[in-house]
Amino acid sequence: MASKKGVRIIITLECTECRSNPDKRTPGVSRYTSMKNRRNTTARLELKKFCRHCNKHTVHKEIK
């Protein structure tokens, strides 16, 4: 049985400021999971989400 590759895929969004900011509230990197349509959105996503480690809204970029 072959598995179908759907149009919608699960992506991971990671905080851009957590890696470079040593003055965060707690150690670690904030990550969210989401879904996107592979055909309509071919570029990597960038969304503003709340980071619990930085304790503020930051830009989260799509990672592999």
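The model is predicted, so local features need pLDDT of at least 70 and side-chain atom pairs count only at pLDDT 80 or more, while totals for chains, interfaces and linings use all residues. Residues are numbered from 1 along each chain as its sequence is written, and side-chain values use heavy atoms, with hydrogens and water left out.

Strand 1 (residues 8-15) is joined to strand 2 by 7 bridges, and L13 stands opposite Y32 in strand 2.

Next come the cysteines. With a disulfide taken as a pair of cysteine sulfur atoms within 2.5 Å, the count is 0. The closest cysteine sulfur to that of C15 belongs to C18, at 3.6 Å, which is too far for a bond. C51 is in no disulfide either, the sulfur of C18 being the nearest at 3.3 Å. Both C15, with a relative accessible area of 2%, and C51, with 0%, are buried (under 20% relative accessible area; exposed is over 50% and partly exposed in between, with a 1.4 Å probe and protein chains only).

Side chains of opposite charge can pair when their charged atoms come close. Salt bridges (a side-chain nitrogen of Lys or Arg within 4 Å of a carboxyl oxygen of Asp or Glu) number 4. Among them, R31 pairs with E14 at 2.6 Å between the closest N and O atoms. R31 lies in strand 2 and E14 in strand 1, so this pair ties together parts 17 residues apart in sequence. R31 is partly exposed at 48%, whereas E14 is buried at 6%. K36 pairs with E62 at 3.2 Å, and both residues are buried.

Finally, T58 is found in strand 4 (residues 56-63) and counts as buried at 1% relative accessibility. Leaving aside neighbours within four places in sequence, T58 is in contact (heavy atoms within 4.5 Å) with C15, E17, L47, K48, K49 and C51.

Conventions
Helices (H or I, at least four residues) and strands (E, at least two) are DSSP runs, numbered from the N terminus. Two strands pair if DSSP finds at least two bridges between them.
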